[in-house]
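Try each task before you read its solution.

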Amino acid sequence: MVLGKLGSALHQAVQKLLRSAVVDEKAVKELVKDLQRALLQADVNVHLVMDLTKRIEERSLKEAVAPGISRREYVVKVVYEELTSILGQKVVPLKFTPGKSNIYLVVGIQGSGKTTNIVKLGRLLKKEGHSIGVVAADTFRPGAYDQLKQLADRAEIPCFGDSKEKDSIKAAKKGVKHYQSQKTEVILVDTAGRHKDEKGLIREMQQIAKAIKPDEIILVVDGTLGQQASTQAEAFNAATPIGSIIVTKLDGSARGGGALSAVAATGAPIKYIGTGEKTKDLEKFQPTKFVGQLLGMADFESLLQKVKDAEAMPDKDLAKALLSGKFTLKDMMGQMEAMGNVGSIQKILSMLGLGYKVPDELKEVASENLEKWKVIMKSMTEEELENPKLIRSSRTQRIARGSGTQPKDVKELLKQYQQSKKFIKTIRKRRGGLKIPGMPGMIGDQKLPRGTR
Ligand SMILES: Nc1nc2c(ncn2[C@@H]2O[C@H](COP(=O)(O)OP(=O)(O)OP(=O)(O)O)[C@@H](O)[C@H]2O)c(=O)[nH]1
Ligand SMILES: [Mg+2]
């Protein structure tokens with residue numbers, strides 16, 4: 001299990017909160033303490049831990065919770081979001097241009113896992129349908145070529161190298177040229193790692209890079225280093241921009257959490273993680289998915305979805321307006337502004353448990369005209385906004401003049417309003433009144449995923 005120890009400590013902390021009788025300041029403080037302990041034990045940088053847990057505490061206690069979800073569910077979401085944020089939000093794919101030979105120079109200090117992970121990556125990319133070739137340019141360590149060749153053979157990936165070549169730059173160039181002539185799509189160049197002599201290593205990396213002009217330099221970092229891993233990431237990145245990082249040996253390492261978070265903090269994109277010695281043990285790194293797995297809750301996804309749905313709820317005033325059957329121009333605009341366009345009526349309906357489809361013409365007209373309509377409505381009086389029926393010919397002229405639009409624009413807005421209103425009315429009739437989740441007295445206790453109460 002990847003980061004098994006950290007995962008189970010985080011899982012336990014969250015479970016404890018979910019089981020507590022009330023989620024008050026004391027319970028959140030307890031959670032924060034448990035999280036701190038778990039993260040520090042995984043060698044996550046102490047400042048990072050303090051910042052992170054402070055944010056979790058503040059957000060958990062201060063932020064308003066949308067109707068329909070409990071504070072405890074909200075706290076779990078906050079923990080999830082904040083943990084994800086220290087691992088970097090975005091998933092950055094490997095730079096790859098179809099139709100040409102993409103050259104990847106793989107670097108890193110001795111024993112970090114370059115050779116093994118080149119073959120792992122080759123295997124992954126081969127599975128994605130690309131042609132692969134690996135190049136042995138580690139002329140420093142005896143037996144390096146044989147190791148790469150053996151692993152590559154087993155994965156049925158072509159390997160180019162010459163065990164007699166002593167010049168790494170020449171070896172790299174020859175290999176790249178060989179695969180380019182064959183139009184191989186992915187060329188992975190294995191280089192030497194040296195202990196302690198980081199400067200010499202970086203110099204060699206720069207020389208090889210100059211000679212073969214890689215599309216991306218991939219740095220392989222040993223995850224067992226914990227937060228020290230970031231020093232390497234920084235040193236290499238300062239010498240030449242690192243396009244991708246592979247953090248290896250996260251299986252069973254107690255300090256893997258520290259390595260991942262520290263490397264992410266340098267801004268370097270972690271694109272893959274090594275999770276074992278076998279050739280299949282390489283995963284694309286996706287922070288959101290990773291944290292979900294780390295927290296290890298079977299129904300985690302459904303809980304997050306529930307919070308998301310609740311937060312996307314239309315605001316209470318609009319819900320009330322719909323409930324009462326009173327739906328003014330102001331309501332319509334407020335709703336459009338809050339949610340972007342009339343397509344959101346669809347969202348409201350599905351949240352009300354009504355599967356009606358909003359007619360397409362309603363959606364399109366609205367999003368196109370939103371800005372214009374806002375201006376038009378500014379030229380209307382309060383009275384008109386509350387009661388659009390008052391707007392007849394002369395008022396239409398006045399509103400159009402005042403807003404610098406045409407009377408037909410005003411008419412179109414009114415038509416849209418009438419359509420929306422009619423639509424809502426039909427539904428109300430069919431259902432005999434609307435129910436709004438989260439509105440007092442309107443709906444029974446909603447079923448929560450197991451283990452979340
Ligand atoms: N447990 C575990 N071991 C790994 C992982 N990746 C690599 N290793 C092991 O780490 C050791 C070193 O891996 P190599 O691929 O030879 O490392 P290298 O960076 O090429 O080393 P040099 O060529 O000497 O610089 C090997 O025993 C690998 O099996 C991983 O994700 N998990
Ligand atoms: Mg090697």
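A crossing is right-handed if the near helix is turned clockwise from the far one by less than a right angle, and left-handed if anticlockwise. Keep in mind that this is a predicted model.

**Exercise 1.** Describe how helix H8 packs on helix H9.

Solution. Start with the geometry. H8 spans residues 198-212 and H9 spans residues 229-239. Their axes lie 10 Å apart, at an angle of about 40°. H8 and H9 are therefore oblique to each other. Next, the handedness: H8 passes H9 in a right-handed crossing. Last, the contact. H8 contributes Glu 198, Leu 201, Ile 202, Met 205 and Gln 206. H9 answers with Gln 232, Ala 235, Phe 236 and Ala 239. By class, the contact of H8 with H9 has 6 nonpolar, 2 polar and 1 charged residues.

**Exercise 2.** Do likewise for helices H2 and H3.

Solution. H2 covers residues 25-41, and H3 covers residues 46-62. The angle is about 160°, with the axes 10 Å apart. Angles over 145 degrees count as roughly antiparallel, so H2 and H3 are roughly antiparallel to each other. Their crossing is right-handed. Among the contact residues are Val 28, Val 32 and Leu 35 of H2, and Val 49, Ile 56 and Leu 61 of H3. The contact of H2 with H3 divides into 11 nonpolar, 3 polar and 3 charged residues.

**Exercise 3.** Which residues come nearest to ligand 1?

Solution. Of the 20 residues around ligand 1, the nearest are Gly 113, Lys 114, Thr 115, Thr 116 and Asp 251. Now check atom pairs. A side-chain N or O atom of Asp 251 is 2.8 Å from a nitrogen atom of ligand 1. A polar backbone atom of Gly 276 sits 3.2 Å from a ligand 1 oxygen atom. For Thr 275, a backbone N or O atom is 3.5 Å from an oxygen atom of ligand 1.

How values were computed: Residues numbered from 1 in each chain as written. Chains lettered and ligands numbered in written order. Predicted model: local features only at pLDDT ≥ 70, side-chain atom pairs only at ≥ 80, totals over all residues. Heavy atoms only, no water. Axes fitted to C-alpha atoms, helices over the stretch in contact; angles between N-to-C directions. Helix = DSSP H or I, 4+ residues; strand = E, 2+ residues; numbered from the N terminus. Parallel < 35°, antiparallel > 145°, perpendicular 65-115°, else oblique. Contact = heavy atoms within 4.5 Å. Nonpolar A, V, L, I, M, F, W, Y, C, P; charged D, E, K, R; others polar. Near = heavy atom within 4 Å. Polar contact = N/O pair within 3.5 Å; in protein donor to acceptor, adjacent residues only side chain to side chain.
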